[in-house]
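Okay, thanks for coming, everyone.

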Amino acid sequence: MLLVALIPLLSGGWLSGPQSTFDTKGPVAETQLEVFYVTLWVTMIIFAIVGSVLAYTTWKFKARNAADEHAEPPPQGHGNPLVELSLIVASILALVVIAVPTLKAIWYTYDVPEDQMDMAYEVNAIGYQWWFKFEYPTEMTPQPFGGEAPLVSANELVIPAGRPVRVNLRTVDVIHSFWVPKLAGKVDMIPNRGNHLWLQADEPGYFWGQCAEFCGESHAVMRFRVIALAEDDFANWLENQKLPARTVEAAEDAEILAAMPDYGTFEVNQAGWSEEFDADPMGNWEAWQEIPAEGEEDPALIAAGRRAFVENRCAGCHMVRGHEGMGNIGPDLTRIGSRTTVAAGLLENTPENLYRWITEPDRVKPGNYMYHSRIVTPKGMVTMPGYTTRDPATGERAPSPGDIEVTPEEGHALVAYLKSLK
């Protein structure tokens with residue numbers, strides 16, 4: 001048992017994965033880790049003392065022969081005032097040693113410290129089944145229906161590094177929990193109740209996040225990312241995000257010349273990450289922001305994808321500012337081509353994975369509303385246009401009320417269109 005207790009101290013790189021709470025990158029997570037270590041050391045000392053006393057008494061007073069089995073028991077210490085008072089004082093001291101840093105950490109991590117409040121940046125995080133919407137309330141963008149609204153993103157939260165960020169937590173359906181292990185601990189998103197946390201990335205980096213409260217069928221794959229940028233890079237990112245969606249012009253009579261590639265076949269719960277991405281996620285995120293050079297895109301295929309986006313009623317649920325999409329039920333797709341993930345952080349945003357998500361959403365994330373066409377509103381459940389259903393016995397699609405079926409050719413064109421949105 002002592003070896004088990006020592007694992008966090010001796011593990012080194014064993015617990016340094018992308019969602020490790022031992023590899024902290026910000027003051028909130030660092031404070032919480034310090035409380036953990038204080039508690040760990042106190043309990044290890046207690047364990048060592050109690051274990052040593054138990055081992056000594058077991059060895060000292062064990063019956064070594066038949067005569068010892070019937071010997072009188074040794075003098076008992078029960079009721080000894082000195083022993084019992086010493087145990088009480090030691091217990092109180094141990095609790096105080098744990099309680100003092102714990103209370104300090106609770107006060108510190110509850111909200112942005114007063115002396116840093118003026119420099120704090122504010123964002124809203126809103127939980128859905130099963131994805132995260134991020135709003136930047138101080139950054140306004142023109143809306144296609146007139147007026148302005150806060151800048152919106154989905155599943156990738158970009159923040160300034162070296163600066164406290166206050167995250168207002170909300171949910172539109174069930175209880176979710178917002179957790180970025182390397183930056184801050186878990187805080188719940190509770191229906192009809194405002195909540196918040198604050199976090200800070202000490203330096204630019206790419207951090208994994210996760211919903212930490214069971215919230216339905218695809219809770220385990222409700223993920224997100226936090227990307228911390230230097231102040232100037234963050235300002236440039238904001239300015240680009242405020243612009244309407246990028247448009248790739250094509251001649252009206254252009255033909256689709258791109259051959260249909262082999263995207264392969266996919267299994268339920270198949271991994272969606274490559275070793276190349278894991279080796280340098282921040283470098284890959286930066287590469288995703290670059291606009292393709294002339295000749296790297298097929299304008300006719302992108303135009304066909306834009307038409308398919310409208311014809312398949314994707315525009316009814318998704319926003320693409322400056323294009324036809326004006327929905328607000330699903331994630332904002334205005335800059336989806338610059339995100340490193342799709343399907344709420346589940347898949348790397350490659351053409352193959354994007355095609356997989358577009359054409360097989362039920363096999364990627366069971367129960368998602370894009371497939372099942374059920375949307376929860378304050379007035380109850382509403383049926384929306386959705387994908388055709390799949391026969392669980394044969395795997396064949398069958399008609400459903402939504403009756404949307406994305407053909408392979410449409411899926412290919414949609415991939416080109418969505419990847420162009422940078």
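Let's start with helix H9, where the buried residues are Asn 353, Leu 354, Tyr 355, Arg 356, Trp 357, Ile 358 and Thr 359. Buried here means under 20% relative accessible area, exposed means over 50%, and partly exposed is in between, with a 1.4 Å probe and protein chains only. That's 7 of the 9 residues of H9, so this helix is largely enclosed by the rest of the structure. Helices (H or I, at least four residues) and strands (E, at least two) are DSSP runs, numbered from the N terminus.

Quick housekeeping before I go on. This is a predicted model, so local features need pLDDT of at least 70 and side-chain atom pairs count only at pLDDT 80 or more, while totals for chains, interfaces and linings use all residues. Residues are numbered from 1 along each chain as its sequence is written, and side-chain values use heavy atoms, with hydrogens and water left out.

Now, what does H9 pack against? Helix H9 (residues 351–359) packs with helix H12 (residues 408–419) at an angle of about 125°, and the axes are 9 Å apart. The axes are lines fitted to C-alpha atoms, over the stretch in contact for helices, and angles run from 0 to 180 degrees between N-to-C directions. That angle makes H9 oblique to H12; the scheme is under 35 degrees for roughly parallel, over 145 for roughly antiparallel, 65 to 115 for roughly perpendicular, and oblique for the rest. On the H9 side, the contact is made by Pro 351, Leu 354, Tyr 355, Ile 358 and Thr 359. From H12 you get Pro 408, Gly 411, His 412, Leu 414, Val 415, Leu 418 and Lys 419. Contact, by the way, means heavy atoms within 4.5 Å.

Zooming out for a second. The protein chain has 12 helices and 16 strands, and buried residues make up 44% of its 422 residues. Of the contacts in the chain with a separation of 6 or more, 65% are between residues 24 or more positions apart.

Most residues other than glycine have a negative phi, and most peptide bonds are trans. With that in mind, look at the peptide bond from Gln 129 to Trp 130: it's cis, with omega near 0°. Trp 130 is in the loop between strand S1 (121–128) and strand S2 (131–142).

Then there's Asn 192, with a positive phi near 60°. You'll find Asn 192 in the loop between strand S7 (184–189) and strand S8 (195–199), and it's exposed, at 85% relative accessible area. Arg 313 has a positive phi too, near 65°. This one is in the loop between helix H8 (299–311) and strand S11 (341–342), and it counts as partly exposed at 40% relative accessibility.

Last stop, two buried strand residues. Lys 133 is in strand S2 and is buried, with a relative accessible area of 15%. Beyond neighbours within four places in sequence, Lys 133 is in contact with Asn 124, Ala 125, Ile 126, Tyr 128, Val 152 and Ser 153.

And Val 158, in strand S4 (residues 156–160), is buried at 1%. Again leaving aside neighbours within four places, the contacts of Val 158 include Tyr 136, Phe 234, Trp 237 and Trp 285. Val 158 and Tyr 136 are 22 residues apart in sequence, with 9.9 Å from C-alpha to C-alpha.

That's my tour, thanks.
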